[in-house]
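Dear colleague,

I am handing over the structure that we spoke about, and you will find it just below. Could you read the notes that follow with the structure open beside you?

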Amino acid sequence: MSQPSYRLQSYQEVEAAAKLGFALDVNRATVDDWLRLPGLSIRQAQGLVRLRQAGVQFHCLEDLAAALGTAPAQLTPLAAVLSFCYYEEHCGTLPTVSLNQATVSCLVRLPGVPAALAEAIVWERSHRGPYQDLADLQNRLGLPPDLVQSLMYYLRP
């Protein structure tokens, strides 16, 4: 599982991968990501990615099954590694702001950024210099990984 391109060979490997923390975000997966799962063809992977690029979001196993033209039971062995996250899309792209230029009022408009965090981001930047990247932001403010993961879609250095 340490190799990003490793293709799981069986449903037993899928279970083992899930226990190790591997998850595939179905609404962000690339063709290569889909091809890591056993039983999916390149055409199916390409079709899922094309649907997602067209704005379709998958909310459950049944949605994937419908998109693939198969019964949900056929996908059940993959359920342990499938993650169904919802993303609010804005015209196909998410609005991003510069971490090193955004004001407090701009930052509080981002999902998951309360006023106190926005103020801390700006204060830290003004007193210790610009952020190198999101990892620098996380380290300097002691932010939890799940918050940084959600912010990475909205902030750029």
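A nonpolar core, as the term is used here, is a set of buried Ala, Val, Leu, Ile, Met, Phe, Trp, Tyr and Cys residues joined through side-chain atoms within 4.5 Å. Buried stands for under 20% relative accessible area, exposed for over 50%, and partly exposed for what lies in between, with a 1.4 Å probe and protein chains only. Please keep in mind that this is a predicted model, in which local features need pLDDT of at least 70 and side-chain atom pairs count only at pLDDT 80 or more, while totals for chains, interfaces and linings use all residues. Residues are numbered from 1 along each chain as its sequence is written, and side-chain values use heavy atoms, with hydrogens and water left out.

On confidence, pLDDT is the predictor's confidence in each residue, from 0 to 100. The chain has a mean pLDDT of 87, and 91% of its residues reach 70 or more. Helices (H or I, at least four residues) and strands (E, at least two) are DSSP runs numbered from the N terminus; with those names, confidence in the chain is lowest in H9, at a mean of 83, and highest in H7, at 95.

The cores

The largest nonpolar core has 23 residues, and those with the most contacts inside it are Leu24, Trp34, Leu37, Leu64 and Leu82. Two or more residues come to this core from each of helix H1 (11-19), helix H2 (31-35), helix H3 (42-53) and helix H4 (61-68), and H4 gives the most, with four residues. A second, separate core of 19 residues includes Val113, Leu134, Leu147 and Leu151. As background, nonpolar side chains in soluble globular proteins tend to be buried together.

Contact here means heavy atoms within 4.5 Å. Leucine 37, not counting residues up to four places away in sequence, touches Arg7, Leu8, Phe22, Leu24, Leu78, Val81 and Leu82. Leucine 82 has its place in strand E2 (residues 82-83) and counts as buried, at 11% relative accessibility. With its neighbours within four places in sequence left aside, leucine 82 is in contact with Leu24, Val26, Trp34, Leu37, Leu61 and Leu64.

Proline 38 lies in the loop between H2 and H3 and is buried, with a relative accessible area of 8%. Its contacts, again not counting residues up to four places away in sequence, are Arg7, Leu8, Gln9, Ser10, Tyr11, Val14 and Leu78. The C-alpha atoms of proline 38 and glutamine 132, by contrast, are separated by 39 Å, and these two residues are 94 apart along the chain.

Helix H8

The buried residues of helix H8 (residues 134-141) are Leu134, Asp136, Leu137 and Arg140. They cover an arc of only 155° around the axis, which puts them on the same side of H8; the arc is that of the directions from the helix axis to the C-beta atoms. These buried residues pack against helix H7 (115-128), helix H9 (145-151) and strand E4 (155-156). At the start of H8, a side-chain oxygen of aspartate 133 comes within 3.1 Å of the backbone nitrogen of alanine 135. H8 is followed by glycine 142, whose phi is positive, near 65°.

Strands E3 and E4

Serine 98 lies in strand E3 (residues 97-98) and, at 10% relative accessibility, counts as buried. Arginine 156 is found in strand E4 and is partly exposed, with a relative accessible area of 39%. Leaving aside neighbours within four places in sequence, arginine 156 is in contact with Thr96, Val97, Ser98 and Leu99. The C-alpha atoms of arginine 156 and valine 97 are separated by 6.1 Å, although the two residues are 59 apart along the chain.

The cysteines

How many disulfides does the structure hold? It holds zero, where a disulfide is a pair of cysteine sulfur atoms within 2.5 Å. For cysteine 60, the nearest cysteine sulfur is that of cysteine 85, 14 Å away. Cysteine 60 is partly exposed, with a relative accessible area of 27%, and cysteine 85 is partly exposed too, at 29%. The backbone oxygen of cysteine 85 lies 2.6 Å from a polar atom of the side chain of asparagine 27, and asparagine 27 is itself buried, with a relative accessible area of 2%.

With best wishes

Conventions
Polar contact = N/O pair within 3.5 Å; in protein donor to acceptor, adjacent residues only side chain to side chain.
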